Amino acid sequence: WAQRAQRAHLNLVENLPAFAALVIIAHLTGVDAAGGAALFFWARVVHAVVHIMGISYVRTLAFAASWVGMLMIFFSIL
């Protein structure tokens, strides 16, 4: 479980810069990004839990949901 937790953490660290850039751009342009940010946060929490538990299909869905959250922020900026 410790290796799975490390991989879940590394996956978040790899995706965090893109999320941070989107949130910063949304803030600077005055766009409300709360919905996408909340989806990203909760999807990443679920992703970490199911990754540690070793449930691969739910992990993939949670990862996809986090990307949907980032896409929500991206399209609200446009």
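**Labels and the numbers behind them**

Modeller: Let's start with H1 and H2, whose axes come within 8 Å and cross at roughly 160°. An axis here is a line fitted to C-alpha atoms, for helices over the stretch in contact, and angles run from 0 to 180 degrees between N-to-C directions. Bear in mind that this is a predicted model, where local features need pLDDT of at least 70, side-chain atom pairs count only at pLDDT 80 or more, and totals for chains, interfaces and linings use all residues. Residues are numbered from 1 along each chain as its sequence is written, and side-chain values use heavy atoms, with hydrogens and water left out.

Colleague: What makes H1 and H2 parallel or antiparallel?

Modeller: The cut-offs are under 35 degrees for roughly parallel, over 145 for roughly antiparallel, 65 to 115 for roughly perpendicular, and oblique for the rest. The H1/H2 angle is roughly 160°, so the two are roughly antiparallel. Their crossing is right-handed; that is the clockwise case, while left-handed means the near helix is turned anticlockwise from the far one by less than a right angle.

Colleague: Which residues make that contact?

Modeller: Contact means heavy atoms within 4.5 Å. On the H1 side the residues include Arg 4, Arg 7, Leu 12 and Phe 19, and on the H2 side Phe 40, Arg 44 and Ile 52 are among them. The residues of this contact divide into ten nonpolar, four polar and three charged. Nonpolar covers Ala, Val, Leu, Ile, Met, Phe, Trp, Tyr, Cys and Pro; charged covers Asp, Glu, Lys and Arg; the others, Gly among them, are polar.

Colleague: And what makes something a helix in the first place?

Modeller: Helices are DSSP runs of H or I with at least four residues, strands are runs of E with at least two, and both are numbered from the N terminus. By that count the protein has three helices and zero strands, and the pattern along the sequence reads α-α-α.

Colleague: How do you know how H2 and H3 run relative to each other?

Modeller: The angle again. H2 (residues 34-53) and H3 (residues 56-77) have axes that come within 8 Å and cross at roughly 165°, so they too are roughly antiparallel. This crossing is left-handed. Among the residues that meet are Gly 35, Gly 36 and Ala 43 in H2, with Ala 62, Ser 66 and Gly 69 in H3. The H2/H3 contact divides into 14 nonpolar, six polar and two charged residues.

Colleague: What about H1 and H3?

Modeller: They pack at about 20°, with axes 9 Å apart, so H1 and H3 are roughly parallel. H1 passes H3 in a left-handed crossing. Residues in the contact include Ala 18, Leu 22 and Val 23 of H1, along with Trp 67, Phe 74 and Ile 77 of H3.

Colleague: What are the values for Phe 41 and Trp 42?

Modeller: Their centres are 4.8 Å apart and the planes are at 75°, which makes the pair edge-to-face. Phe 41 has 44% relative accessible area, so it is partly exposed, whereas Trp 42, at 54%, counts as exposed.

Colleague: Why is His 27 given its label?

Modeller: His 27, in helix H1, is at 64% relative accessibility, so it counts as exposed. Its C-alpha is 9.5 Å from that of Ile 77, 50 residues apart along the chain.

How values were computed
Rings of Phe, Tyr and Trp (its six-membered ring) pair if their centres lie within 6.5 Å; planes under 30 degrees apart count as stacked, over 60 as edge-to-face and the rest as tilted. Buried means under 20% relative accessible area, exposed over 50%, partly exposed in between (1.4 Å probe, protein chains only).
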